[in-house]
Amino acid sequence: MDLKIKEEARRLQKELTFHSRQYHVLDDPLISDHEYDMMLRRLKEIETLFPELSVEDSPTKRIGAPPLESFESAPHTLPMLSLDNAFSDQDITDFHNRILKNLETKKVLYTVEPKLDGVAVELRYEEGILVRATTRGDGFRGEVITDNVRTIRSVPLRLDRDKKNPPALIEVRGEVIIFEKDFQALNRQRLEKGESLFANPRNAAAGSLRQLDSKITAKRPLAMFAYGLGQVQGMDFNTQAEFLETLEAFGFRVNPHIRKGISLKEALVFYGRLQEMRPDLDYEIDGMVIKVDRIDMQRALGEKIKSPRWAIAYKFPATQETSTINDIRVQVGRTGTLTPVAELAPVRVGGVTVSRATLHNEDEIIRKDIRIGDRVLVVRAGDVIPKVVKVIDSARTGDEKEFCMPRFCPVCNSPVSRLPDEAAVKCINSGCPAQLKERIRHFVSKKGFDVDGLGKKLVELLVDKDLVKDFADLFSLEQSTLAALDRMGEKSAQNLVNAIRHAKRVSLNRLLFALGIDHTGENAAMLLAREFPGLPELMDADQLRLESIHGLGEKGSTAITRFFSIPENRAVIQRLLGAGVEIFNDLYRLKEDSREEQDHVFSAKTIVLTGTLETMTRDEAKTALRDLGAKVTSTVSSKTDFLIAGAKAGSKLAKAKNLNITVLEESDLIHMLAHGKRD
Ligand code: JCF
């Protein structure tokens, strides 16, 4: 091949990358769209003629790749956490005080940013090259969407090395969004083509990222702001601010409204500023993220199961609107609870059209004196179900009608019952089709088996036609049966069969969530999966063992033992396994791995705690030590490696000194928990 051609290709790749970044990252185009297109066309020609010049990170690679059959899933090397929410200055002050206490310091600075309402993703760069992109998923595993993410113009395919050398490995997290103006244009286009409209930019972004055909994604106006760090090797940061500056140097788009290294007071002032700016921003935000700026402090604070202790989201107040209650309907939930739901005259609240709102239960309706025909105040906070806050009394005409809870299930007509000290009215017929439908919907929902394309209507149809009588029936549905259903084509039937087959491999925590055990939501399911290697061990665990799990609570442990003591429930599980459901548990392994790999002074050590700790409870200290692979025991012996002595330590301290065992004070403990790597 002509050396000149090779040089030309290299030059075009470099220039196009540069100009694409000027346009999509820096919002500062230096050449016209036409000039850009001409260069891109020339590069495509060359790469078609000489495919060996078509490198992985060539700008031509942003047009999409051949379609996939389905997305693969992959574990996150470090869990992708979400954020706790704060709703008031007081919540933020409490957060701040917890941090000061935890770190035993008087001063902490923060870096704050607008909280983007998009789709979180993680990008993995090895030697500076984008090798994998994943969705957040459940925080522990996500779907691999590399081809789709490569089409996003503000995502660098290769980290820019002009200002800084990329590390051997870095995982960058951020939010994929669609700008308001692009969203409007996209929907206009869809309207013209007679396609369904997206409800909001976030749905459009999520839908675009979930395309199996990345050529479709390539046509969607996606953008990404980078803000977070996953795993990194060969690079270190002192502060969040420094990390964000590095991201900019690497060519990422970083939000321009970030404030770095400010005090709590300044952060609270900025929250007000952001609220004022919100209507003028070209993208949707729903609050402000506050992060401890110093990375060593972040590490010392650590994380809880689903969120870090060093960051919090200060949400904007819920938006309110008024509407009219046209009717009150009663829904029957998964556990048989009858929930009254207000049918509202459609109204836009915080960018979303709301036409129903939950009224919770009978007592709530009486307390708020809600009647059919009332003019009411409706709120919607983020992704929570809209609520009726209160009746606008001055709008009463006298024609409003009182509502009465039915005494028979609106679906199966069995009598309902209300337990003495509960607010819920329940249909007690466990065979009620409404309950079965809701149980199935819960089973296949995003946090459960996550079966794509099995929506509400279809579940109803499957139950009504007796095709699905329990969870296991889902796995024996055949393409021909599905294709014969109303509004189901051959193709969508096949897609559904594929999606169900794909869902058969499931993590223990998702399975536990899917079963719909009382008091066992996502969080409890994760706690259980961290404790038990597999389902058999959990099924045979006794009440005491369950109660000892930190964070599970008594209600949770009781519900779980009760659930597994019922023969029908055990039978359902047998049928699921018989249908080919395969359970894995990477949470348990995750914990085991971290035990083995830890190179911490406390790993594999035997430790005794004594006396009173001031900055944490004994349980918290135990958990922290066990997470590092330590064995925490109660008696001091020659096998004890460390004694941690809090205030008023007594005989154990004396014994430890006698045996020449290393004694640590609480401040040593905190320091070593945070920094205790053996270097
Ligand atoms: O903008 C966001 N939606 C956002 C989410 C920004 C952040 O800095 C985040 C986040 C979720 C978790 N940081 C964490 C740790």
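This is a predicted model: local features need pLDDT of at least 70, side-chain atom pairs count only at pLDDT 80 or more; totals for chains, interfaces and linings use all residues.
Q: Which residues is K622 in contact with, leaving aside its neighbours within four places in sequence, and how far apart in space are K622 and T337?
A: Once the neighbours within four places in sequence are left aside, the contacts of K622 are with L609 and V632. T337 is 285 residues away from K622 in sequence, and their separation in space, C-alpha to C-alpha, is 39 Å.

Q: Is I325 buried or exposed, and which residues is I325 in contact with beyond its neighbours within four places in sequence?
A: I325 is placed in strand 12, residues 319-332, and its relative accessible area of 1% is under the 20% cut-off, so I325 is buried. E343 stands 18 residues from I325 along the chain, with 5.7 Å between the two C-alpha atoms. Leaving aside neighbours within four places in sequence, I325 is in contact with A342, E343, L344, I370, R371, I372, G373, D374 and V376.

Q: Which elements cover the buried residues of helix 12?
A: Helix 12, residues 433-444, has 12 residues and reaches 17 Å from its first C-alpha to its last, close to the 16 Å expected at 1.5 Å a residue. Its buried residues are A434, Q435, L436, K437, I440, H442, F443 and V444. What covers these buried residues includes strand 12, strand 18 (425-427), helix 13, helix 16 and helix 21 (567-578).

Q: What distance separates the end C-alpha atoms of helix 15?
A: Helix 15 covers residues 490-503, and its 14 residues, at 1.5 Å a residue, should span 20 Å. The expectation agrees with the model, since the end C-alpha atoms of helix 15 are 20 Å apart.

Q: Where around the axis of helix 15 do its buried residues lie, and which elements do they pack against?
A: The buried residues of helix 15 are A493, L496, V497, A499, I500 and A503. They cover an arc of only 160° around the axis, which means that they are on the same side of helix 15. On the other side of helix 15, E490, K491 and R501 are exposed, while the buried residues pack against helix 13 (456-464), helix 14 (479-483) and strand 19 (505-507).

Q: How are helix 16 and helix 17 oriented to each other, and what is the hand of their crossing?
A: The axes of helix 16 (residues 508-515) and helix 17 (residues 522-531) come within 8 Å and cross at roughly 135°. Helix 16 and helix 17 are therefore oblique to each other. In helix 16, L508, N509, L512 and F513 meet E522, A525, M526, L528 and A529 in helix 17, and the crossing of the two helices is right-handed.

Q: What is the hand of the crossing of helix 1 and helix 2, and which residues make the contact?
A: The axes of helix 1 (residues 3-24) and helix 2 (residues 33-49) come within 10 Å and cross at roughly 145°, and helix 1 passes helix 2 in a left-handed crossing. On the side of helix 1 the contact is made by I5, E8, A9, L12, Q13, E15, L16, H19, S20 and Y23, and on the side of helix 2 by D33, Y36, M39, L40, R42, L43, I46 and E47.

Q: Where is K648 found, and what is the value of its phi?
A: K648 is found in the loop between strand 23 (642-645) and helix 24 (651-658). At 78% relative accessibility, over the 50% cut-off, K648 counts as exposed. K648 is a residue other than glycine, and its phi is positive, near 60°.

Q: Is N660 buried or exposed, and what is the value of its phi?
A: N660 lies in the loop between helix 24 and strand 24 (662-665). At 72% relative accessibility N660 counts as exposed. N660, too, is a residue other than glycine with a positive phi, and the value is near 65°.

Terms used
Residues are numbered from 1 along each chain as its sequence is written. Side-chain values use heavy atoms; hydrogens and water are left out. Helices (H or I, at least four residues) and strands (E, at least two) are DSSP runs, numbered from the N terminus. The expected span of a helix is 1.5 Å times one less than its number of residues. Buried means under 20% relative accessible area, exposed over 50%, partly exposed in between (1.4 Å probe, protein chains only). The arc is that of the directions from the helix axis to the C-beta atoms. Contact means heavy atoms within 4.5 Å. Axes are lines fitted to C-alpha atoms, for helices over the stretch in contact, and angles run from 0 to 180 degrees between N-to-C directions. Angles under 35 degrees count as roughly parallel, over 145 as roughly antiparallel, 65 to 115 as roughly perpendicular and the rest as oblique. A crossing is left-handed if the near helix is turned anticlockwise from the far one by less than a right angle, and right-handed if clockwise.
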